Amino acid sequence: MVETRRWVRRTGLGVVAALLATTPFGAGPAHAAEPAVELAGSDWLDLGGANAAVGVVKNAAGGKVTNGTVDTASLTGAGIGVALIDSGVAPVAGLNQPGKVINGPDLSFESQTPGLQNIDTYGHGTHMAGIIAGSDPANGFEGIAPGAHLISLKTAAYDGAVDVSQIIAAIDWVVAHRNDPGLNIRVLNLSFGTDSIQPSLIDPLSFAVETAWRKGIVVVASTGNDGAARVTNPASNPYVLAVGAADPNGTAARADDTVAAFSNRGNAVRHPDLIAAGRSLVSLRVPGSYIDTTYPAARVGDRLFRGSGTSQAAAVVSGSVALLLQQRPGLSPDQVKQLLIKTADPLPKPDPIGSGAGQLDIAEASALIAPLNATQVWAPATGLGSLEAARGTSHVADGVTGAELTGERDIFGMPWIPLTWAAVARNGKAWNGGTWNGSVWSGQAFTGTSWASATWAVVSWTGRSWAGRSWNGDSWAGRSWNGATWTGRSWNSGTWAGRSWAGRSWG
Ligand SMILES: [Ca+2]
Ligand SMILES: [Ca+2]
């Protein structure tokens, strides 16, 4: 979905400063042009579904059905790397064991703030991570593929703000490093989408995910939460797995399941390939994160949090794909897609546009012989379209001036030359060390379990310095946000840095 939320703050000087922040991630703080509506109407507050524990979802999809030839319950996703381009992952119980989460480069606006690197201040990425591969047997929480490992690329800041150029850079990194020692990236979860109407044939974001697909990565993308007759970008790319959300309607049984009201339906040309449970899913909570403090009613005990969206549905599918790839590592992305589509369970009330082939059926997919003729033959994307058009209506903006980042330039103001980028991206060589599209975005290698960071150059595209102003934690706390709302919530970097992520706050 695409959400546009505008915060307006009156400064001490009586000047109205506006920050237009867009959160194109496919779930979470929903709708709302006005803060009041946002607070009252969030999907994070959706308590309508029961039996929405991830384990129940997995069981309903056949996860523990033993059919005599395949015991799906024995599959954990072990050895399979799932890349998660999102808001980072917090090292909460269930995701903090050695080897569970490997941090790729932090490409978010918070990457320059000590203490915030790779950390999920939004709460969204951790929710996805828990659904995909969480494993906390001591407290009874398990994701779909508890044995899989995650490669987290933080791109979204605490309010979900991100530019499409950051997402494309992250996808390119995943392609370039998919076979790095210990990573084995076979799945990419993108619970993200813009409302771009640019044809996927030329859209650069579409080209990026298609390239990943061609390199052997199963890209799972959410279709959006507007209930619209349109699939968001990049789920609109015909190759990838476009996932909509099912509403279990409060029961594990599927007889009463429907397409969730918020789930984008698509159209005859492009619609969800399949749907998976996406309403009121309970996953791991990040205490103190944006969604945690904004939607306290969505907390489930101390450790868990409830959320709805095609984001969550995509995460369910990503975990399931990890199970299939553990079982049969030789499956191509096209084969995985066809297995899932051929075995999906049609809804009791057919809705081929809204639900595609129907609901995810892990058990049958794992039992079905791999299709021989699965090769998709859509026209290849060129990536030669517009970066600005890929954004749709999602733009980040300067908190003081309100100036939006628009046009054919990335967050560093570097010109976007499609021909140049597409030529290297298609070969998995868009990154050169820590440099992407002509700027240094990150370090050049892993240090421990995280990719090294780099200091971002002070680049001005509006004659101002973003790096020095907008992306510094102290500036955020003191500048753009309502004081009463934010200073009491510990969003400044000093507080985050002082918090013990592995200590009492989480224990
Ligand atoms: Ca049901
Ligand atoms: Ca089936």
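Analyst: Two strands are treated as paired if DSSP finds at least two bridges between them; strands (E, at least two residues) and helices (H or I, at least four) are DSSP runs numbered from the N terminus. The model is predicted, with local features needing pLDDT of at least 70 and side-chain atom pairs pLDDT 80 or more, while totals for chains, interfaces and linings use all residues. Residues are numbered from 1 along each chain as written, with chains lettered from A and ligands numbered from 1 in written order.

Strand 14 and strand 15 (residues 304–307) run antiparallel and are joined by 2 bridges. Within this pairing, Arg299 has Phe305 of strand 15 as its bridge partner. The open sheet comprises 3 strands in the order 13-15-14, paired antiparallel. Its edges are strand 13 (281–284) and strand 14 (299–300); each has a single partner strand, so one side of each lacks a neighbour in the sheet.

Helix 3 lies across strand 13 and strand 15, at about 100° to strand 13 (contact: C-beta atoms, placed from the backbone, within 7 Å; angles: 0 to 180 degrees between N-to-C directions of axes fitted to C-alpha atoms, for helices over the stretch in contact). Helix 3 (residues 124–133) contains His124, which is buried, with 32 other C-beta atoms within 10 Å (buried: 20 or more; exposed: 12 or fewer; partly exposed: in between; C-beta atoms placed from the backbone).

Methods:
Two residues are in contact if their C-beta atoms, placed from the backbone, lie within 7 Å.
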